[in-house]
Amino acid sequence: MIPPDLALWGAVLLAGVYHGVNPGMGWPLAVSAALMERKPTALWRALGLLAAGHFVAMAAILLPFTAMVSLVTWEREIRIGAGLLVMAMGVYLLINRRHPRMLARVPPGRLALWSFLAALAHGAGLMLVPIYLGLCDLDTMDAGHVAATELMATHAGTALAVALAHTAAMAVAGGVLALAIYHWVGLKFLTRGWFNLDVLWAVSLVLVGGIGVWTAL
């Protein structure tokens with residue numbers, strides 16, 4: 001039997017791998033940068049910037065929920081609301097298949113900003129919210145004996161740890177693909193050999209949100 005916390009951390013890492021292999025999170029831009037500059041170091045620099053932007057986006061989504069978990073008496077409602085929010089984002093992406101135009105307007109040199117906006121626009125951070133709330137283990141806390149400030153401090157650390165672990169998995173998965181494409185396959189493969197993950201992404205958001213609601217109930 002897998003311990004609940006271990007399963008949740010596994011889900012954080014798997015979500016990171018899932019985000020990493022998705023071209024929408026930016027690893028083709030790292031390959032493109034290396035090909036244009038004709039320097040392998042450009043690929044690593046681009047991956048670092050993409051990871052930095054992704055991490056900030058994850059933290060920006062998770063940290064507000066840190067303040068909310070201090071309201072332990074409302075933890076069930078918070079978890080249900082978070083799950084419904086994730087599901088709503090998935091349904092929206094299923095209906096609206098077009099990529100946000102703002103992403104095309106970000107200069108190529110600002111990869112960290114592009115990664116931050118892409119993660120927000122695709123709801124990448126929202127996917128982690130139900131997992132993060134599960135790691136908080138709110139059911140074991142007594143609101144009358146634990147100060148809200150202590151709760152927030154503890155869960156801020158958890159939120160940052162989730163964002164960091166997720167981003168590390170994302171960077172490794174995307175980096176492996178970027179290196180393979182750059183050294184052996186080539187960007188032309190993407191135009192004919194890569195499958196579209198948009199629908200799968202949206203459906204996965206609905207599933208994760210549904211699981212969050214179900215566990216809260």
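Reader: What should I know about numbering and confidence before I start?

Author: Residues are numbered from 1 along each chain as its sequence is written, and side-chain values use heavy atoms, with hydrogens and water left out. The model is predicted: local features need pLDDT of at least 70, side-chain atom pairs count only at pLDDT 80 or more, and totals for chains, interfaces and linings use all residues. pLDDT is the predictor's confidence in each residue, from 0 to 100. For this protein the mean pLDDT is 77, and 73% of the residues reach 70 or more.

Reader: Where is confidence lowest, and where is it highest?

Author: Helices here are DSSP runs (H or I, at least four residues), numbered from the N terminus. Confidence is lowest in helix α9 (residues 188-193), at a mean of 57, and highest in helix α3 (residues 40-68), at 89. Over residues 140-151, pLDDT stays under 50.

Reader: Which residues of helix α6 are buried?

Author: Buried means under 20% relative accessible area, exposed over 50%, and partly exposed in between (1.4 Å probe, protein chains only). In α6 (residues 111-121), the buried residues include Leu111, Trp114 and Leu117. Just after α6, Gly123 takes a positive phi of about 70 degrees.

Reader: Which residues touch the most other members of the largest nonpolar core?

Author: A nonpolar core is a set of buried Ala, Val, Leu, Ile, Met, Phe, Trp, Tyr and Cys residues joined through side-chain atoms within 4.5 Å. The largest one has 29 residues, and Met58, Leu62, Leu128, Val129, Tyr132, Trp201 and Leu205 touch the most other members. Helix α7 gives this core its largest share, eight residues. A second, separate core of 15 residues includes Ala30, Ala46, Ala178 and Tyr182.

Reader: How many salt bridges does the structure hold?

Author: A salt bridge is a side-chain nitrogen of Lys or Arg within 4 Å of a carboxyl oxygen of Asp or Glu. The structure holds one. Glu37 pairs with Arg45, and their closest N and O atoms are 2.8 Å apart. Glu37 counts as partly exposed because its relative accessibility is 38%; Arg45 is partly exposed too, with a relative accessible area of 44%.

Reader: Which residues make the nonpolar surface patch?

Author: Patches are made of residues with over 30% relative accessible area and no salt bridge: like charges are joined within 9 Å, nonpolar side chains (Val, Leu, Ile, Met, Phe, Trp, Tyr) within 5 Å. Accessible areas come from the Shrake-Rupley method with a 1.4 Å probe; for residues, only the protein chains shown count as cover. Val199, Val203 and Leu207 make a nonpolar patch of about 230 Å². Val199 lies in helix α10 (residues 198-216).

Notes
Helix = DSSP H or I, 4+ residues; strand = E, 2+ residues; numbered from the N terminus. Contact = heavy atoms within 4.5 Å.
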